[in-house]
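Here are some short notes to read beside the model. Take the points in order.

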Amino acid sequence: MSDTLRAAAFLDKGGTGKTTTVAHLGVALEELGHEVLLVDLAGKQGDLAKHFGVWGDYQARIEADEAWPNISTVFDDAWGTIAEKLGDDTLADLVVPTAEGPDLIPAHPGLDTLDAELGNIDDARERYSRLEQFLDEYVDPLGYDVVLVDLPGMTNNVAYNGLWAARHVITPVEMGPFEAEQADALRRDLGKIADNFAVDIELALVLPNKVDTRTNLAE
């Protein structure tokens, strides 16, 4: 790991506020003087880019077949060759600036098939470390202080890549028994990763969301 702090927002459930958390935390860290990169792996709908008002332009690039390379490209077996050919411009078209401060690598429709493509990699360590390799080799030299990753609301190969690369997990949870069970399940999953691969991933923050203190459950 480099001096760049990484964290991923994750819970095996949609609609818990992961994307909103990444957006607000990214802006807050920028306001504190940190250089921040946000990475959207949550799906092709581009919700994180929509938060920052840059999805329309990026979607136009996608439709014009000009959004290349993109976030799904960096998981490809040929990424090293692609990056070598692009040279100094490797990340120029991949990273999008936002008016609020953080830079962003937006989602792309290529994420739709990424889980299955990663599943074809027989070696589990290689399957789960593609994002880490990309961040280590290509993003860290850019000098960001913080990289925040927005993950899909399900446990799959893409989510495991994000957890593996970030090593710190932010988990927004609503005030409900099901969500509490999901947070406990996440703790167990992180423990299994540590046991099987000697990769320590810390549940760094459980963030209560949609709290109504008038209810006993929320309290």
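1. Start with a term: two residues are in contact when heavy atoms lie within 4.5 Å of each other. Now apply it to this predicted model. Take the contacts in the protein chain between residues at least 6 apart in sequence: 78% of them join residues at least 24 apart.

2. Next, the overall build. The protein chain has nine helices and seven strands. Its radius of gyration is 17 Å, close to the 17 Å that the globule rule gives for 219 residues, so the chain is as compact as a globular protein of that length. The C-alpha atoms fill a box of roughly 60 × 40 × 35 Å along the principal axes.

3. What share of the 219 residues is buried? The figure is 49%. The chain exposes about 10,600 Å², and carbon and sulfur atoms supply 47% of that area.

4. Look at charge. The protein chain carries 16 positive and 41 negative charges.

5. Now the annotation. An unreviewed UniProt entry lists "domain: AAA" for residues 12–198. Over that stretch the chain is 47% helix and 12% strand. The end C-alpha atoms of the stretch are 22 Å apart.

6. Finish with one residue. Thr 21 sits in helix α1, which covers residues 18–31. Is Thr 21 buried or exposed? Its relative accessible area is 14%. Buried means under 20%, so Thr 21 counts as buried. Setting aside neighbours within four places in sequence, Thr 21 is in contact with Ile 170, Pro 172 and Leu 207.

Notes. Residues are numbered from 1 along each chain as its sequence is written. This is a predicted model: local features need pLDDT of at least 70, side-chain atom pairs count only at pLDDT 80 or more; totals for chains, interfaces and linings use all residues. Side-chain values use heavy atoms; hydrogens and water are left out. Helices (H or I, at least four residues) and strands (E, at least two) are DSSP runs, numbered from the N terminus. The radius of gyration is taken over C-alpha atoms; the globule rule is 2.2 Å times the number of residues to the power 0.38. Buried means under 20% relative accessible area, exposed over 50%, partly exposed in between (1.4 Å probe, protein chains only). Accessible areas come from the Shrake-Rupley method with a 1.4 Å probe; for residues, only the protein chains shown count as cover. Lys and Arg count as positive and Asp and Glu as negative; His and the chain ends are not counted. The place of a charge is taken as NZ of Lys, CZ of Arg, CG of Asp or CD of Glu. UniProt positions are given in the numbering used here, feature names are shortened, and annotations may be inferred rather than shown by experiment.
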